[in-house]
Amino acid sequence: MEPSADLKRSGLKPTLPRLKILGLFLSSEQRHLAAEDVYRLLLAEQPHLGLGLATVYRVLGQFEQAGLLKKNQLGNNKAVYELNDGERHHGHLICNRTGAVHEFFDPEIEARLRMVASNLGYELDNFVLTAYGGKPSMSNG
């Protein structure tokens, strides 16, 4: 993906803040980023960039509206964003202790959701699945 071309395709002008933020999502090893994470990573990368947190929030909202990013509420009422790269539906499993987010795909869960929707007279277009848990402690036995 080329950030400048992606922005133009989405109808957004390729400004410096937009290029930097989209570039961060494209290159980050961390897939789910909150606005504060984006801000912190950009500052660490380029301390004199001059982007404020308000600009980060505004750009993330623009990216969500343009379909470049997907927004999810994953624990602690904190919104996180991930690239909308056209991948299949997936769920999120969040560790209660560390807050780590693990993505998963389960065709049986998706089929069951489609069945539930159908039984209620709906056609499933989209879904969000977030589950919480923790690994059993090694010291418990």
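Helices, taken as DSSP runs of H or I with at least four residues, and strands, taken as runs of E with at least two, are numbered here from the N terminus. On this basis, Glu2 lies in the segment before helix 1 (3–9). The structure described is a predicted model.

The secondary structure of the chain consists of five helices and five strands. Read from the N terminus, the elements follow the order α-α-α-α-β-β-β-β-α-β. The C-alpha trace spans about 50 × 45 × 25 Å along its principal axes. Of the 141 residues in the chain, 28% are buried. Among contacts in the chain with a separation of 6 or more, 45% are accounted for by residues 24 or more positions apart.

Two packed helices are described by the angle between their axes and the distance between the axes. Helix 2 (residues 16–27) packs with helix 3 (residues 35–45) at an angle of about 100 degrees, and the two axes are 11 Å apart. Angles of 65 to 115 degrees count as roughly perpendicular, and helix 2 and helix 3 are therefore roughly perpendicular to each other. On the helix 2 side, the residues that meet helix 3 are Lys20, Ile21, Leu24 and Phe25. Their counterparts in helix 3 are Val38, Leu41, Leu42 and Glu45. Classified by residue type, the contact of helix 2 with helix 3 comprises six nonpolar and two charged residues, with no polar residues.

Helix 2 also packs with helix 4 (residues 53–66); the axes of these two helices come within 10 Å and cross at roughly 70 degrees. The pair formed by helix 2 and helix 4 is therefore also roughly perpendicular. Helix 2 contributes Pro17, Arg18, Ile21, Leu22 and Phe25 to this contact, and helix 4 contributes Thr55, Val56, Val59, Leu60, Gln62 and Phe63. By class, the contact of helix 2 with helix 4 has eight nonpolar residues, two polar residues and one charged residue.

Phe25, located in helix 2, takes part in the contact with helix 3 and in the contact with helix 4. The relative accessibility of Phe25 is 6%, and Phe25 therefore counts as buried, the cut-off being under 20%. When neighbours within four places in sequence are left aside, the contacts of Phe25 are Leu33, Val38, Leu60, Leu69, Tyr81, Glu82 and Leu83. Of these, Leu83 is 58 residues from Phe25 in sequence, with a C-alpha to C-alpha distance of 6.7 Å.

Strand 1 (residues 69–73) and strand 2 run antiparallel and are joined by five bridges. Gln73 has Ala79 of strand 2 as its bridge partner. Strand 2 (residues 79–83) is mostly covered, with four of its five residues buried.

A further three strands form an open sheet in the order 4-3-5, with mixed pairing. Strand 4 (101–104) and strand 5 (129–133) are the edge strands, each pairing on one side only. On average, neighbouring strands of this sheet are turned by 25 degrees against each other, direction ignored. Strand 3 (residues 91–95) runs antiparallel to strand 4, and four bridges join the two. Within this pairing, Leu93 stands opposite His102 of strand 4, and His92 has Glu103 of strand 4 as its bridge partner. The hairpin of strand 3 and strand 4 has five residues between the strands, and Gly99 in this hairpin takes a positive phi near 80 degrees.

Glu2 and Leu74 are 72 residues apart along the chain, and their C-alpha atoms are separated by 28 Å.

Key:
Residues are numbered from 1 along each chain as its sequence is written. This is a predicted model: local features need pLDDT of at least 70, side-chain atom pairs count only at pLDDT 80 or more; totals for chains, interfaces and linings use all residues. Side-chain values use heavy atoms; hydrogens and water are left out. Axes are lines fitted to C-alpha atoms, for helices over the stretch in contact, and angles run from 0 to 180 degrees between N-to-C directions. Angles under 35 degrees count as roughly parallel, over 145 as roughly antiparallel, 65 to 115 as roughly perpendicular and the rest as oblique. Contact means heavy atoms within 4.5 Å. Ala, Val, Leu, Ile, Met, Phe, Trp, Tyr, Cys and Pro count as nonpolar, Asp, Glu, Lys and Arg as charged, and the others, Gly among them, as polar. Buried means under 20% relative accessible area, exposed over 50%, partly exposed in between (1.4 Å probe, protein chains only). Two strands pair if DSSP finds at least two bridges between them.
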